[in-house]
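Subject: Structure for your review

Dear colleague,

Please find below the structure that I am handing over to you. I would be grateful if you could read the notes after it with the model open.

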Amino acid sequence: MAMKEFVISEAQVETAILVGLVTKAQDERKTNEYLDELAFLAETAGAEVVKRFTQKLDQANSVTYVGKGKLEEIKEYIRSEEEAEREIGMVIFDDELSAKQIRNIEAELKIKILDRTSLILDIFAMRAQTANAKTQVELAQYKYMLPRLQRLWTHLERQGGGSGAGGGKGSVGLRGPGETQLEMDRRIILNRMSLLKERLAEIDKQKATQRKNRGRLIRVALVGYTNVGKSTLMTLLSKSEVFAENKLFATLDTTVRKVIIENLPFLLSDTVGFIRKLPTDLVDSFKSTLDEVREADLLLHIVDISHPDFEEQIEVVNKTLADIGASGKPMILVFNKIDAYTYVAKAEDDLTPRTKENLTLEELMKTWMAKMEDNCLFISARERINVEELKSVVYQRVKELHVQKYPYNDFLYQTYDESEE
């Protein structure tokens, strides 16, 4: 009973409206960046964004997320598009909505409603290839659905009627079919979740056994925000093709490869990318995948330096690593996509203070290298710029860690010369 409630799986392209809030904690610039990312998520899921709505509020409306006037504005836009025979497929909100909010918005707009969490879950469901990933995604979907079940049965209201001991509206003795169905669904989902958790526990055991049987090798894990080029770098270092494309969450399953640099073998794993507002249910469900990160000896934190908000992405990854208990490990910050980096040069007569957008790549490199000392590299995996320097640094770090961890292990291979291939 695989739950694929999270739509956008049809072959035709559906059109979508995005809705976000400008709040005290999230200014207009940040809201627009979040909506850019939400648009990328929608595109990854197969939808085309045709309109964005934002509203300034102190905090989200607990009943309808946006205010009554803004909801009416969205409703009018949907109606005008339908009259022009341009049907809107869905409205996507940039935060997780409660069951009550979804119910009220649907009642008003009479259209499919998604939130950021359900959109990410849908992409994960589309991306899941192995039994492990499918099980993890299905469990996360059920966790998301459980508190929102009620809205699926609003057409079956609790029924009253008659008189006497068994009747009357709201009487204790009478239960309508809606409630019965709801309870039945809840029980089915809880049973299914229990089964999935058992299955994941078995997968965890198998994965733990696999990790133990990998021999005395240092483990290096690639971590980072989604779509920063981890899989491209994995392909470069391991010399074996790993699926990579310019879409969010191209990698769900952890790929582990044995890599040899010069005369030193080690294990390299590519892991699922992190994202802002990542659903906690996904973090919980993907425990066995994230164990590769927890048990790694060295982390390569890959950053897309061409992204205008890369510093916040670094913070998101660091916070997620702390949440899963993987902070404090040796880490190298690898700034990727230096070939795509752009900056805005200031005019000579412009006396306003320089911002991050005005820094050249060289200035940015100096800033981060001063901050991170020698734990910082700048590369382009696609253009193969400074990849040899990266290999050299990784070799040194892995060698140091190997000597510490396995002091009596004769691990060095015969020198491997690529020119002899």
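**Overall composition**

Please bear in mind that this is a predicted model. The chain holds 12 helices and 10 strands. Of its 421 residues, 49% count as buried. Among contacts between residues at least 6 apart in sequence, 71% join residues at least 24 apart.

Four strands make up an open sheet with the order 2-1-3-4, and their pairing is parallel. Strand 2 and strand 4 (112–115) are the edge strands, each pairing on one side only. From one strand to the next, the twist averages 25°. Strand 1 (residues 14–22) and strand 3 (residues 90–93) run parallel and are joined by four bridges; Ala16 stands opposite Met90 of strand 3. Helix 2 (residues 68–83) lies across strand 1, strand 2 and strand 3, and runs at about 155° to strand 2.

Gln55 belongs to strand 2 (residues 47–56). Is Gln55 buried or exposed? Its relative accessibility is 17%, and the cut-off for buried is under 20%, so Gln55 counts as buried. A polar atom of the Gln55 side chain lies 2.8 Å from the backbone nitrogen of Gly67. Beyond its neighbours within four places in sequence, Gln55 is in contact with Gly20, Leu21, Val22, Val66, Gly67 and Lys70.

**Helix 1 against helix 4**

Two packed helices are described by the angle between their axes and the distance between the axes. For helix 1 (residues 28–45) and helix 4 (residues 116–127), the axes come within 9 Å and cross at roughly 35°. The crossing of helix 1 with helix 4 is left-handed. Helix 1 contributes Tyr34, Glu37, Leu38, Leu41, Ala42, Thr44 and Ala45 to the contact, while helix 4 contributes Arg116, Leu119, Ile120, Asp122, Ile123, Met126 and Arg127. By class, the residues of this contact divide into nine nonpolar, one polar and four charged.

Six strands form another open sheet, in the order 6-7-5-8-9-10, with mixed pairing. Strand 6 (255–261) and strand 10 (376–378) stand at the edges; each has a single partner strand, so one side of each is left without a neighbour in the sheet. Neighbouring strands are turned by 25° against each other on average, direction ignored.

The pairings can be followed along the sheet. Strand 6 and strand 7 run antiparallel and are joined by seven bridges, with Leu264 of strand 7 as the bridge partner of Ile261. These two strands form a hairpin with two residues between them, and Glu262 in the turn has a positive phi of about 55°. Strand 5 and strand 7 run parallel, joined by four bridges, and Ala221 stands opposite Ser269 of strand 7. Strand 8 (residues 298–304) runs parallel to strand 9 (residues 331–336), with six bridges between them; here Val303 stands opposite Phe335.

**What covers this sheet**

Strand 7 is mostly covered, as seven of its seven residues are buried. Which residues lie on each face of strand 7? Leu264, Phe266, Leu268 and Asp270 are on one side and Pro265, Leu267 and Ser269 on the other, and all of them are buried.

Helix 12 (residues 387–405) lies across strand 5 (219–224), strand 6, strand 7 (264–270), strand 8, strand 9 and strand 10, running at about 110° to strand 7. Helix 11 (residues 361–372) lies across strand 9 and strand 10 and runs at about 160° to strand 10.

Helix 7 (residues 230–238) is also mostly covered, with eight of its nine residues buried. Among the buried residues are Leu233, Met234, Leu236 and Leu237. Their cover includes strand 5, strand 6, strand 7, strand 8 and helix 12. Lys239, which follows helix 7, has a positive phi, near 60°.

**A position in helix 6**

Finally, Ile189 lies in helix 6 (residues 177–212). With 2% relative accessibility, Ile189 counts as buried. The C-alpha atoms of Ile189 and Tyr142 are separated by 6.7 Å, although the two residues are 47 residues apart along the chain.

With kind regards

Definitions and conventions. Residues are numbered from 1 along each chain as its sequence is written. This is a predicted model: local features need pLDDT of at least 70, side-chain atom pairs count only at pLDDT 80 or more; totals for chains, interfaces and linings use all residues. Side-chain values use heavy atoms; hydrogens and water are left out. Two strands pair if DSSP finds at least two bridges between them. Axes are lines fitted to C-alpha atoms, for helices over the stretch in contact, and angles run from 0 to 180 degrees between N-to-C directions. Contact means heavy atoms within 4.5 Å. Buried means under 20% relative accessible area, exposed over 50%, partly exposed in between (1.4 Å probe, protein chains only). A polar contact is a pair of N or O atoms within 3.5 Å; within protein, one must be able to donate a hydrogen and the other to accept it, and residues adjacent in sequence count only if both atoms are side-chain atoms. A crossing is left-handed if the near helix is turned anticlockwise from the far one by less than a right angle, and right-handed if clockwise. Ala, Val, Leu, Ile, Met, Phe, Trp, Tyr, Cys and Pro count as nonpolar, Asp, Glu, Lys and Arg as charged, and the others, Gly among them, as polar.
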